[in-house]
Amino acid sequence: EQINGISPRTLSARLKHLERYGLLSRHQFPTIPPRVEYALTEKGQDLANTLHELTQWSNRWFPYKPQ
C-alpha cells in the first residue's frame with residue numbers, strides 16, 4: 001500500500017526473490033484481510049550498509065546532472 005510505481009505482482013515477485021536469498025524475513029499475521037510484513041535480515045542489513053557506501057561513492061564521482 002505504501003509503495004507507488006510498481007505493480008503488486010512485480011513487488012510480490014521481488015520480495016519473494018529477496019526472501020529466498022536471505023535478505024528479507026517475512027512475517028504473516030492471521031488477520032482479515034491478511035497482513036504481511038517484511039524486515040531486513042542481518043545479511044540484508046549488511047548489504048544495505050554496502051549499498052549506502054556505494055551510493056555515496058557514486059554521488060561523489062558521478063553526480064546527477066539533469067539535462
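The structure holds one aromatic pair. A pair means ring centres of Phe, Tyr or Trp (its six-membered ring) within 6.5 Å; planes under 30 degrees apart are stacked, over 60 edge-to-face, and the rest tilted. The distance of the centres and the angle of the planes describe such a pair of rings.

Before selecting anything, note that this is a predicted model, in which local features need pLDDT of at least 70, side-chain atom pairs count only at pLDDT 80 or more, and totals for chains, interfaces and linings use all residues. Residues are numbered from 1 along each chain as its sequence is written, and side-chain values use heavy atoms, without hydrogens and water.

Stop 1: Select β1 (24-29) and β2 (35-40). Strands here are DSSP runs (E, at least two residues), and helices are runs of H or I with at least four, numbered from the N terminus. β1 and β2 run antiparallel, joined by six bridges; strands pair if DSSP finds at least two bridges between them. The hairpin passes from β1 to β2 through five residues. Now pick His27: its bridge partner in β2 is Glu37.

**Stop 2: the loop.** Go to Pro33, in the loop between β1 and β2. Check the peptide bond from Ile32 to Pro33: it is cis, with omega near -5 degrees.

**Stop 3: Arg35.** Show the side chains of Arg35 and Glu37. They meet in a salt bridge at 2.5 Å, N to O. The cut-off is a side-chain nitrogen of Lys or Arg within 4 Å of a carboxyl oxygen of Asp or Glu. By this rule the count is one salt bridge. Arg35 counts as partly exposed because its relative accessibility is 38%; Glu37, at 39%, is also partly exposed. The classes are buried under 20%, exposed over 50%, and partly exposed in between (1.4 Å probe, protein chains only).

The charged end of Arg35 sits over the Phe29 ring, 3.8 Å from its centre. That takes NZ of Lys or CZ of Arg within 6 Å of the ring centre and within 35 degrees of the ring normal.

**Stop 4: helix α2.** Select residues 42-61; Leu47 lies in this helix. Leu47 is partly exposed, at 37% relative accessibility. Draw a line from the C-alpha of Asn49 to that of Pro63: 20 Å, for 14 residues along the chain.

**Stop 5: the surface patch.** Which residues form a nonpolar patch on the surface? Select Leu47, Leu51, Leu54, Trp57, Trp61 and Phe62, with about 670 Å² of accessible area together.

Methods. Patches are made of residues with over 30% relative accessible area and no salt bridge: like charges are joined within 9 Å, nonpolar side chains (Val, Leu, Ile, Met, Phe, Trp, Tyr) within 5 Å. Accessible areas come from the Shrake-Rupley method with a 1.4 Å probe; for residues, only the protein chains shown count as cover.
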